[in-house]
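Grab a pencil and work through these exercises with the structure open beside you. Each one has a task, then a solution in steps.

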Amino acid sequence: MRVTQGMIATNSLRHLSQSYSNMGKYQDQLATGKKINRPSDDPVVAIKGMYYRSNLTEVEQYKRNLNEAYQWMESSEAGIDHATQVMQRVRELVVQGQTGTNSPSDLKAIAIEIGQLKEDIANVANTQVAGRYIFNGTKTDSVPVTITDGTISVDMNTDAFNVEVSNGVNLKVNINATNVFGSELFDTLQSLEDALNSGTLESGDDFLSKLDGHYDIMSAERSEIGARYSRLEMIDARIQDQEIIASRILSENEDADIERVITDLTIQESIHRASLAVSSRIIQPSLIDFLR
């Protein structure tokens with residue numbers, strides 16, 4: 001095959017163009033820190049990157065769900081804690097009302113305070129997190145306890161409100177609010193208030209027994225949510241580990257080895273300069289050049 005000057009020139013230009021392309025690729029990797037800038041650069045890396053990025057996005061969503069679960073559980077625990085403190089105060093007032101030194105006006109004053117404490121518990125039962133009632137099961141848009149002129153009416157939903165905190169793991173984040181803010185509690189407080197307003201507290205021991213029963217139920221509910229909170233913390237720790245692993249795998253798949261890229265770019269620049277020098281020598285002037 002006869003090799004002409006034009007063939008030599010064409011091949012030299014093609015190789016120089018390829019050399020420019022290689023240097024451009026290395027410069028892009030240095031600028032972006034990524035192995036590829038378009039799927040066509042390496043389809044295998046691009047496909048794996050989509051899969052790893054999907055895993056990382058899933059983990060990030062679970063972290064947001066965990067934050068919501070923490071809010072619900074911590075707010076629920078705080079509500080129970082407040083309710084138990086109120087019950088302790090009510091018990092103190094009942095013990096105080098049982099002493100024989102109280103006049104009818106003293107008992108009515110105690111009744112007024114118990115009425116305020118009753119409404120305080122009702123307000124706690126209507127606690128909201130992000131605009132949703134946390135003590136009304138799955139009916140988070142409905143008020144569980146209504147206060148009308150001192151009268152308390154309870155309409156609570158007890159269904160489990162679940163949050164997906166991991167792949168296939170749904171954790172209940174609410175409590176059975178009827179065990180803490182049920183109608184039986186408000187009936188007991190209302191009966192106690194009525195007895196005090198009547199000027200006598202003959203059945204004080206019965207009220208104390210009922211109050212202790214309500215307190216025990218609240219404590220049991222608090223213990224249950226504490227156990228679920230401990231499980232939530234363990235799931236959170238596992239999700240954090242998954243995030244670290246997913247981020248590392250994604251980085252290993254997509255991030256460029258900067259030291260190697262710099263070395264490859266330096267080598268490619270040396271090759272390119274040599275190609276330019278050789279091409280300038282082997283591409284001889286044509287007849288047109290002599291006629292100029």
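**Exercise 1.** Work out at what angle helix 5 and helix 6 pack, and how their axes are placed.

*Solution.* Step 1: find helix 5 at residues 183-197 and helix 6 at residues 204-254; helices here are DSSP runs (H or I, at least four residues), numbered from the N terminus. Step 2: the two pack at about 155°, with axes 11 Å apart. The axes are lines fitted to C-alpha atoms over the stretch in contact, and angles run from 0 to 180 degrees between N-to-C directions. Step 3: that makes helix 5 roughly antiparallel to helix 6, a label for angles over 145 degrees. Step 4: the crossing of helix 5 past helix 6 is left-handed, meaning that the near helix is turned anticlockwise from the far one by less than a right angle.

Some ground rules before you go on. This is a predicted model, where local features need pLDDT of at least 70 and side-chain atom pairs count only at pLDDT 80 or more, while totals for chains, interfaces and linings use all residues. Residues are numbered from 1 along each chain as its sequence is written, and side-chain values use heavy atoms, with hydrogens and water left out.

**Exercise 2.** Which side chains does Arg89 meet in salt bridges?

*Solution.* Step 1: know the rule, a side-chain nitrogen of Lys or Arg within 4 Å of a carboxyl oxygen of Asp or Glu. The count comes to nine salt bridges. Step 2: Arg89 meets Glu92 at 3.3 Å, N to O. Both sit in helix 2 (residues 43-98), three residues apart, so about one helical turn separates them. Step 3: Arg89 also meets Glu113, at 2.9 Å, N to O. Glu113 belongs to helix 3 (residues 104-125) and Arg89 to helix 2, so this pair ties together parts 24 residues apart in sequence. Step 4: check the cover. Arg89 is partly exposed at 31% relative accessible area, as is Glu92 at 46%; the class lies between buried (under 20%) and exposed (over 50%), using a 1.4 Å probe and protein chains only.

**Exercise 3.** Is Arg228 buried or partly exposed, and what about Glu224?

*Solution.* Step 1: the side chains of Arg228 and Glu224 form a salt bridge at 3.8 Å, N to O. Step 2: they are four residues apart in helix 6, about one helical turn. Step 3: Arg228 counts as buried at 11% relative accessibility, whereas Glu224, at 37%, is partly exposed. Step 4: look elsewhere too, and you'll find Glu77, Asp81 and Arg222 joined into one network by salt bridges that share partners.

Note on methods. Angles under 35 degrees count as roughly parallel, over 145 as roughly antiparallel, 65 to 115 as roughly perpendicular and the rest as oblique.
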